Amino acid sequence: MDFPLLAVLLLLLCARRAVPEQRAVRFEMREELRPPARIGSLSNGTVGARTTSFRLVSAATPFLRVSETDGSLMLTERVDREALCKRSVRGCVLALDVALVTGERFELVRVEVEVLDVNDHAPVFPSAELALEISEAAPLGTRLPVDPAHDPDSGTNSVQSYRLTGSGHFAVETMTRVDGVQYAELVLVRPLDRETQETHLLRLEAADGGRPPRTGSTNLTVRVLDSNDNSPSFERPLYAVELPEDAVPGHLLLQLHATDPDQGPNGQVVYDFGKQAGAEVRRLFRLDRRSGRMTLGNTVDFEEQAVYEVDVQATDLGAIPAPPTICKVIIHLQDVNDNRPEVSVAPVAPAPDGAARVSEGIAIDALVAVVTITDRDSGDNGRVACNLQGAHGHFRLRRAYEGSYAIVTAEGLDREKISQYNLSVVAEDFGTPPLRTVVQYVVVVTDVNDNAPIFSAKVYEGFIEENQLPGTYITTVVATDPDIGLNGEVSYELLDSETNTPSRFAIMNQAGHVYALQSFNHEVTPRLELRVQASDRGWPQLKSSAMLVISVVDQNDNAPAVMQPVLQNGSAEVPLPRDAGPGYVVTRIKARDADSGSNAQLTYRLAEGTESGFSIDQDTGEIYMSRRVIYDTDEEPRVTITVNDNGIPSLTSTVTIRFALTEGAPSNDNYYSDGEREEPGDWASAALVLIITLTSSAILLLVGISVYFFCGRKRKNQTRAVAETQDPADQPYTEKETNVVSLISNQTTNVFDTHTLTTRVNTGSPDTASSDHYQPQLYSTRPITVWKGNSMVTVAARDPHISGKDSGKGDSDVNDSDSDISGEGAKKDYSTYKGLACRISTSWFLLDTLCFFFHWISASMSSFMLQISLDQNKPVVVLFTSEKGLQCKILDQDMTFFNNVIDYE
């Protein structure tokens with residue numbers, strides 16, 4: 001590297017390191033300067049060009065002001081040095097603490113302005129005429145002290161010399177006291193002769209050292225006294241006394257003693273302060289005239305004056321007193337720790353209440369306030385230690401210079417956690433005992449927009465019923481912002497989550513209430529997703545978002561619409577084979593409801609046509625034959641069907657179905673079955689059926705137990721007698737029977753055979769109502785599935801031995817063909833059946849459960865019979881006991897018994 005470049009870099013580095021964090025800048029100004037006057041500028045060679053502001057952080061002074069922009073130091077009031085600093089030997093200095101702020105950094109500068117003395121005062125003697133006395137026998141060199149002239153100026157502008165005129169017997173010498181005051185002493189240089197000259201008139205002139213010098217004078221009258229042999233004499237010409245500053249008045253300082261060898265009054269000595277003793281000395285000290293006892297008259301303060309020089313003279317009481325003898329008493333005050341440290345705290349950003357204002361975004365080690373500590377005591381009594389309490393580790397004290405500390409940030413601040421700090425500045429000196437001063441200081445943390453609004457939930461749900469009027473209230477969203485003021489004021493906005501544009505809803509700007517601006521149709525818009533945006537009013541503005549999901553609640557505003565068959569003017573024509581038997585499905589009504597939920601659940605009912613032999617499945621809408629009907633040639637059967645939804649109120653659609661009779665055998669695959677109700681893959685319905693089945697099983701179990709206890713026990717004692725006396729014909733199907741499972745499983749040909757059934761047919765004519773005739777008809781057998789044990793078995797669904805005639809009195813009527821097990825000529829009166837007889841309605845699905853239950857209770861009962869109806873218009877199962885145990889007979893839909901009997905093992 002080039003040597004000159006290296007030298008420059010080293011110079012810059014050293015210069016940078018030489019810049020202290022705290023510095024003192026000193027200015028000078030003369031007193032009596034007329035304001036406003038510019039004393040100097042802090043930006044001239046004091047700081048870098050990046051400094052942006054200057055802040056006065058010490059206690060304000062009425063004389064000086066600092067410009068925050070350019071650092072100019074201005075005089076605002078006239079300064080009188082003598083009034084401000086009196087006769088301070090340390091000089092007269094005005095001190096300020098100024099913070100030079102650059103961005104987030106600061107530099108603390110001690111600014112000292114020395115007030116220079118101007119010789120604006122002339123020396124002044126206490127009196128214009130002063131009288132002195134001297135014995136004519138006084139030896140040469142005798143000194144006569146003269147009260148000093150007073151000049152309030154300091155330094156060379158104070159009294160510097162004295163000059164004596166008017167006599168050749170005396171000379172003047174300028175003396176300096178221990179407090180620095182210049183005073184004059186007349187020195188006898190020629191012998192005196194009272195008879196020749198009794199009075200000497202002199203002029204004493206005092207001059208200061210100003211340019212030009214100022215002078216003051218007084219007239220001295222020296223009277224020559226007649227000779228007195230001896231003057232009093234002190235034991236010592238100089239006494240030194242130490243006095244604690246906390247001594248109370250009356251404290252003995254010194255016991256003076258002077259002697260005079262003369263006799264009588266000429267030998268009696270009295271004491272008094274010398275001529276040069278000022279008023280302050282006479283106020284503070286007392287001197288007993290007779291005893292020479294010197295005591296403290298008033299309290300003294302070491303901090304005001306540390307040493308006093310007192311002239312004490314002793315004079316005899318002769319008629320012509322001898323010249324007084326003078327001794328000096330030097331009183332040194334001893335400092336006592338009687339002053340507590342004085343603490344002042346000046347904030348960088350002052351507030352009317354005196355507290356410091358600090359932004360929570362302030363950087364670490366940033367200046368908050370300046371602490372100035374003074375102690376008027378000296379030595380260890382004036383040395384002070386300072387510490388900071390209550391800062392929670394977020395602030396610390398940093399020593400700036402002697403007697404000054406800076407409160408700076410130690411960590412980042414968070415107003416949301418701590419908004420105000422109550423600091424305690426503790427200053428304690430090293431005296432014995434130590435004195436302590438505690439100053440409470442409040443630092444208020446101002447808010448910065450550093451927190452975005454926070455929603456109480458990430459996703460809100462709202463509901464509105466369709467077809468509601470605009471302005472309908474939906475829900476309320478809530479977002480909070482821990483900031484304060486404008487930084488914590490939250491406003492809301494609704495936006496479409498997809499397009500990010502204003503939505504079809506309105507939200508109150510401050511409260512968060514959401515309202516609809518239009519009506520909604522559930523069938524068109526069942527659900528909407530909106531984005532709720534919360535923004536504060538701070539700078540920079542912070543935002544946050546949440547999701548609002550609004551569900552449009554369906555109302556039952558759509559009636560069911562029939563989709564199949566196709567309607568014309570509310571009706572449709574459907575073909576119907578004349579030979580359609582019970583269970584034949586003629587057609588299926590398919591309807592759709594645009595609503596949802598329960599409003600779209602449809603129920604199909606026959607409003608008209610039930611008496612014509614038609615039924616409808618209320619769930620699937622299948623119209624099937626409930627019984628065989630013989631129609632006239634020109635007859636056109638019709639039914640009226642209502643389709644209702646489950647809404648509130650329920651809406652209904654009506655359709656009329658006309659049946660066109662056709663010739664030909666109906667299809668075997670078009671018969672109504674329970675299994676058709678379940679659509680493939682409808683697992684939810686299957687689960688519901690399972691739950692209902694289990695519940696029904698429990699209920700039937702309870703019913704069975706009740707039947708057992710309330711019916712079976714009553715007839716228990718009669719069972720054996722009835723069995724012995726009963727007609728064998730009354731025991732149903734105890735003759736030779738065939739197991740249908742074996743029949744079906746061993747069948748090698750077509751299971752479904754065609755049989756000829758001779759049926760009595762009524763022509764329907766009133767005239768021929770009694771002339772019933774028999775005619776052969778062909779019918780097809782079809783399989784019926786029943787439960788046996790734990791499995792399903794299939795049996796033939798037609799038996800010609802039982803009549804198909806129905807009494808029309810209901811399934812439970814006695815001697816009805818539904819219950820006739822022996823045909824037309826062998827009817828049984830089951831009212832005389834002696835065993836347990838009951839009738840229960842259930843379904844195929846629960847048949848196995850019932851069979852198992854009654855197989856269990858049949859072990860304790862000699863006989864019983866149970867007739868079970870499997871749903872409406874379905875086959876009937878008869879359970880009864882026989883010699884082989886519990887057996888089952890199945891009746892077909894035309895109420896005829898099958899040939900086969902199932903043994904339930």
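Mentor: Start with the term itself: a disulfide is a pair of cysteine sulfur atoms within 2.5 Å. Keep in mind that the model is predicted. When the whole structure is searched, one disulfide turns up. Its partners are Cys 85 and Cys 92, with 1.8 Å from S to S. That pair counts as a disulfide because 1.8 Å falls within the 2.5 Å cut-off. The link of Cys 85 and Cys 92 also has a handedness: the angle about the S-S bond is 60°, and the link is right-handed.

Next, consider how much of each partner is accessible. For this step you need one cut-off: a residue is called buried when its relative accessible area is under 20%. Cys 85 has a relative accessibility of 17%, so Cys 85 counts as buried. Cys 92 has a relative accessible area of 1%, and therefore Cys 92 is buried too.

For contrast, turn to a place on the surface. Leu 701, Leu 702 and Ile 705 make up a nonpolar patch there, and together they have about 260 Å² of accessible area. Ile 705 is part of helix H4, which covers residues 683-712. Ile 705 counts as partly exposed because its relative accessibility is 32%.

How values were computed
Residues are numbered from 1 along each chain as its sequence is written. This is a predicted model: local features need pLDDT of at least 70, side-chain atom pairs count only at pLDDT 80 or more; totals for chains, interfaces and linings use all residues. Side-chain values use heavy atoms; hydrogens and water are left out. Patches are made of residues with over 30% relative accessible area and no salt bridge: like charges are joined within 9 Å, nonpolar side chains (Val, Leu, Ile, Met, Phe, Trp, Tyr) within 5 Å. Accessible areas come from the Shrake-Rupley method with a 1.4 Å probe; for residues, only the protein chains shown count as cover. A salt bridge is a side-chain nitrogen of Lys or Arg within 4 Å of a carboxyl oxygen of Asp or Glu. Helices (H or I, at least four residues) and strands (E, at least two) are DSSP runs, numbered from the N terminus. Buried means under 20% relative accessible area, exposed over 50%, partly exposed in between (1.4 Å probe, protein chains only).
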